[in-house]
Amino acid sequence: MSDSMIISDAQRMAQRTKFLNKDTVVGVTCVPFSGGQPKGGVEDGPVEMVRFGILDQIKAMGYTVELSAGMDKYAAKPPSDPPVGKLKNARYVSTAAQRVRDQVHAHCKERRMCVTLGGDHSIAMGTLSGTAAVYGDSLCVVWVDAHADINTPETTESGNLHGCPLSFLLGLCEAHEPFEWITPKLRKDRLVYIGLRDVDAGEKALLRKHGIKAFSMHDVDKHGIGRVVEMALDHVNRDRALPVHMSFDVDALDPSVAPATGTPVRGGLTFREGHYICEAVAETGCLVALDLVEVNPALGDPASLRQTVAVGCSLVRCSLGETLL
């Protein structure tokens, strides 16, 4: 077969997609932000992924990359940011999330695939607000994480906002200042979790009260990752006819696979289980946006950093259509 007849990963995804333009453009937003949690270094996650070559890797798949400008602006902290109730760095997080929202929205309204590299998971207030502004309440969310990140300002024990984004996005709490800009558009029946294994008591109560579907590592052990992903997609998108935003925290993976992350929990997804999730969601043709968050280059030795960054990059590629064969 001649080179001219070989179909690139980007072209295969363009043929498959149900919601995006066929022009094989990926909008990438790098969010060097750590204000949603206390450990420094996670702001360097997207920088290290770029240094590792993620943008060139995406281009090598046949895509054109449109990179959002202004990475440096995420470092600007407000002059005063006292706690809002229990919540720490609320103004800083809110300002960053609004910027993320605008950048993600700019990509999504052009109907291009949107990839956001974090940064801590509080940025999902912005990424999901941006996609939901385009796709409305038909948007399905696949949240891959060791943690539920659904604490409210009342239930949070730590006050760290990377553990709270979904409560705001689902409207489980009143969006007081400085989060009054968040308009809840996510439906509880269109959110599904994969990989949970460290869930606060208050979060468990919220999941049960609102009937939010979650597949823990117990379910992965019991059914296998293939069946879990199928059940998860069946729950939120039975006919595979709705757009999907996947938000992937690398701490969903076992620490032996992704050690350089801020809140590692033993007993997580294997390398192949994490990649299978991305491959299977990509195969649906429904994926419109991806978050890859919580890579922290400051934690662990250089080998741990390289390993985690490499895994993060390969998860992105799989989500964009890279296959084993």
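Predicted model: local features only at pLDDT ≥ 70, side-chain atom pairs only at ≥ 80, totals over all residues.
## The enclosed cavity

The largest cavity has a volume of about 130 Å³. Of the 15 residues that line this cavity, Met13, Thr17, Leu20, Tyr63 and Met113 are the closest to its centre. Helix H1, which covers residues 9–16, gives the most to the lining, with 3 residues. The count of cavities of 30 Å³ or more comes to 1.

## The largest pocket

Now turn to the largest pocket, which holds about 270 Å³ of space. It has 18 lining residues, and those nearest its centre are His147, Ser158, His162, Gly163 and Asp200.

What classes do the residues of this lining divide into? There are 9 polar and 9 charged residues, and no nonpolar ones.

## The nonpolar core

The largest nonpolar core has 104 residues. Which of them touch the most other members? They are Ile150, Leu166, Phe179, Tyr193 and Val316. Helix H4, residues 90–108, gives the most to this core, contributing 8 residues.

Leaving aside residues up to four places away in sequence, tyrosine 193 touches Trp143, His147, Ala148, Ile150, Leu166, Leu207, Ile212, Lys213, Ala214 and Phe215.

Helix H11 runs over residues 302–319, which makes 18 residues. From its first C-alpha to its last, H11 reaches 26 Å, close to the 26 Å expected at 1.5 Å a residue. Is H11 largely enclosed or largely open? Of its 18 residues, 13 are buried, so H11 is largely enclosed by the rest of the structure. After the helix comes glycine 321, whose phi is positive, near 110°.

The loop between strand E8 (287–293) and H11 is where you will find alanine 298. Not counting residues up to four places away in sequence, alanine 298 touches Gly40 and Gly41. How far apart in space are alanine 298 and leucine 206? They are 33 Å apart, C-alpha to C-alpha, and 92 residues apart in sequence.

Conventions:
Residues numbered from 1 in each chain as written. Heavy atoms only, no water. Helix = DSSP H or I, 4+ residues; strand = E, 2+ residues; numbered from the N terminus. Expected span 1.5 Å × (residues − 1). Buried < 20%, exposed > 50% of the residue type's maximum accessible area, 1.4 Å probe, protein only. Core = buried A, V, L, I, M, F, W, Y, C linked by side-chain atoms within 4.5 Å. Contact = heavy atoms within 4.5 Å. 1 Å grid on protein atoms, 1.4 Å probe; cavity = no way out; pocket = protein on both sides within 12 Å on 5 of 7 lines; lining within 4 Å. Points joined across faces, edges and corners; volume = space filled by probe spheres on them. Nonpolar A, V, L, I, M, F, W, Y, C, P; charged D, E, K, R; others polar.
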